[in-house]
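Visitor: I'm new to reading protein structures. Could you walk me through one, feature by feature?

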Amino acid sequence: MVPEGEVRQAAGELRKLLRPESEEDAKVVQKGLMLYRQGLVHHVKFIGGSVWATVQDVTPVRVYVSLERPEDSTCTCPAYGFCRHRMAAFFHAYSQVDNVAEWVEDWRKPAKESQQAEEWGMKKAKDLMKARQSDSHDYARWVEEFVDSFEEIVLGQGKPTPYVIASLLHAYMRKLRASAPLQKEWKALYELVGNIYAFKQLTILSEQLGHSGETVDRYYRYLFDTLEEDIEDLVASLSVHSLPFDFDPFMEELKQETADLVERDDQFNFERMNLYRLLWSHLLKKKGWRDDERKRLEAFGDDKRTQAEDIALAHQYFLATQDRDTLDHLKKMGIHTLPFTFYWIEELNSQGDFNRAGVFIEYMTQHMRTAVVQMDQYHQARDFTRHALRTSMPYFRSGGREDLYEKMLSQSLPYSFIEYEDFLFTKGQYDKWGELFTYANFESLSVPNDKIKVLQKEDPEVLLPILHQAVDGLIAQKNRASYKQAVRLLKKLRAAYKKLKRVPEWETFFAKLLDRNKRLRAFHAECERGKLIVND
């Protein structure tokens with residue numbers, strides 16, 4: 001039976017996952033549609049909120065599509081990401097509940113409108129370039145020009161729909177770069193200020209249009225990352241040499257821009273803080289400026305700062321190497337601030353200052369258990385754990401405390417299971433590894449064969465509880481495929497008992513297993529086929 005509600009949910013998730021303006025995504029949809037229409041999807045099964053199918057391409061591939069989280073789907077082809085085969089399998093499933101052609105047309109609609117919007121925006125940008133009057137180095141004039149251009153290009157046709165905002169912003173940014181002064185230093189500074197104002201105007205626009213976080217995530221959240229990357233490049237180019245004295249008034253204005261960034265709380269807090277920390281870490285580096293900013297933020301008093309201003313103050317403590325003050329301030333704010341430590345750890349690792357990095361990693365480790373427990377969804381906690389481990393890895397590879405790494409792994413279970421079991425196995429701590437596997441109740445199917453071979457040789461006893469647990473789980477599924485897999489594992493279990501010279505124990509166990517499942521004729525047949533049961 002087709003799970004209609006789950007298929008429709010997957011249809012909505014794929015609209016978010018695949019961007020019609022992306023040439024790569026458009027090809028995936030087009031080729032997946034072709035495979036589906038040619039009838040090359042077969043052996044389709046709906047199992048536990050997922051679709052399993054074979055897709056006949058140049059060579060046949062096996063496909064698994066998660067209806068809850070399509071991005072977690074898999075395919076035996078070598079393609080990275082959501083491939084044409086997964087798309088074809090989804091289309092086959094969707095055809096059982098609705099019209100595939102209508103889904104495709106609805107998905108493509110934003111791309112058509114985005115292209116039209118960008119063409120209009122480019123024409124408007126050219127008109128503005130012709131009307132431009134001055135190349136003077138005046139901050140106020142620059143800002144006026146940025147604001148006017150943004151309103152003309154992005155808002156010139158009225159309130160834009162969410163899916164055309166990216167195209168209009170691209171047109172605005174092209175106009176910005178074309179308008180920049182010719183001198184290299186002034187050009188970089190002009191574009192830096194322009195990017196900061198694009199960031200600010202985009203947050204204002206989102207608020208004016210009443211866009212939810214889901215809408216922003218789907219259509220243009222990535223634009224903030226792009227702007228931040230461009231700003232980082234521009235700051236790097238400005239930081240290569242000492243800034244000319246003519247830049248001092250502009251730096252004063254930029255200091256005020258950073259204050260404006262953090263004076264409010266909204267759905268862009270994380271992006272605001274990243275931009276604030278980037279500018280103060282790599283551009284606004286004079287000790288006097290940083291001292292003044294720290295005193296300004298402290299003067300508000302506790303409970304009178306926005307969350308962004310509190311993080312800004314913690315960052316100023318960090319820049320002044322007052323790490324204990326940074327962490328004490330974070331602790332007062334609450335456990336939800338823990339992700340902000342990633343930035344500081346990455347900064348210290350990049351500087352090779354592993355002693356300081358260790359202080360922040362230890363703080364993060366102490367609070368990881370509380371943090372992951374409070375997260376609503378498994379995938380959110382898993383992503384957080386993976387990011388924490390990846391961010392901390394340079395410290396551990398440099399010779400940082402191995403006991404701290406293991407503590408981080410244990411504190412973030414079960415979300416760190418993959419990394420923890422690999423760590424224990426590599427260290428040869430097989431007993432502890434086996435306990436972890438049994439406790440986590442993972443199927444032995446997820447244990448790579450190479451590890452099973454090592455254990456069969458080095459410590460077969462560790463395998464016993466894992467294989468017993470897995471066999472029971474497979475038999476409980478009561479289907480031919482699971483019985484076949486159970487028999488494969490029973491052979492490995494028998495080999496482990498033989499290695500341990502405990503054959504009578506195996507014989508007793510297997511006899512009871514057969515008796516307990518005597519009504520499962522298909523299971524008994526598979527045991528005979530696998531020569532576990534030998535008929536005289």
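Predicted model: local features only at pLDDT ≥ 70, side-chain atom pairs only at ≥ 80, totals over all residues.

Visitor: Where does asparagine 517 lie?

Guide: Look between two helices. Asparagine 517 lies in the loop that links α24 (503-516) to α25 (521-529). If you skip the neighbours within four places in sequence, asparagine 517 is in contact with Ile475, Phe523 and His524.

Visitor: What does phenylalanine 268 touch, apart from residues up to four places away in sequence?

Guide: Its partners are Thr203, Ser206, Val216, Arg221 and Phe224. Take threonine 203 as an example of reading sequence against space. Phenylalanine 268 and threonine 203 sit 65 residues apart in sequence, and their C-alpha atoms are 7.3 Å apart in space.

Visitor: Let's move to a whole helix. How do I read the length of α6?

Guide: You compare the distance from its first C-alpha to its last with the expected span. Helix α6 covers residues 165-179, which is 15 residues, and it reaches 21 Å, close to the 21 Å expected at 1.5 Å a residue.

Visitor: Why is α6 described as largely enclosed by the rest of the structure?

Guide: Count its buried residues. In α6, 11 of the 15 residues are buried, so the helix is largely enclosed by the rest of the structure. Among them are Ile165, Leu168, Leu169, Tyr172, Met173 and Leu176. Lys175 and Ser179 are on the buried list too.

Visitor: Now the strands. In what order do they form their sheet?

Guide: To read a sheet, list the strands in order and check the sense of each pairing. Here 4 strands form an open sheet in the order β1-β2-β3-β4, with antiparallel pairing. The edge strands are β1 and β4 (74-75), each pairing on one side only.

Visitor: How many bridges hold the pair β1 and β2?

Guide: Strand β1 (residues 41-46) pairs with strand β2 (residues 50-56) over 4 bridges, in the antiparallel sense. You can follow individual partners. Phenylalanine 46 has valine 51 of β2 as its bridge partner, and valine 41 has valine 55.

Visitor: What happens at the turn between β1 and β2?

Guide: Their hairpin has 3 residues between the strands, and glycine 48 takes a positive phi near 50 degrees there.

Visitor: And what about β2 and β3, how many bridges join them?

Guide: There are 7 bridges between β2 and strand β3 (residues 60-66), and the two run antiparallel. They also form a hairpin, with 3 residues between them. Valine 51 turns up again here, with valine 65 as its bridge partner in β3. As for burial, 5 of the 7 residues of β2 are buried, so this strand is largely enclosed by the rest of the structure.

Visitor: Which residue of β4 stands opposite tyrosine 64?

Guide: That's threonine 74. The strands β3 and β4 pair in the antiparallel sense over 2 bridges.

Visitor: Let's zoom out. How many helices and strands does the protein chain have?

Guide: It has 25 helices and 4 strands. Its C-alpha atoms fill a box of roughly 100 × 60 × 40 Å along the principal axes. Of the 536 residues in the protein chain, 48% are buried.

Visitor: What share of the contacts joins residues at least 24 apart?

Guide: Among contacts between residues at least 6 apart in sequence, that share is 64%.

Terms used: Residues numbered from 1 in each chain as written. Heavy atoms only, no water. Pairing = 2+ DSSP bridges. Buried < 20%, exposed > 50% of the residue type's maximum accessible area, 1.4 Å probe, protein only. Contact = heavy atoms within 4.5 Å. Expected span 1.5 Å × (residues − 1).
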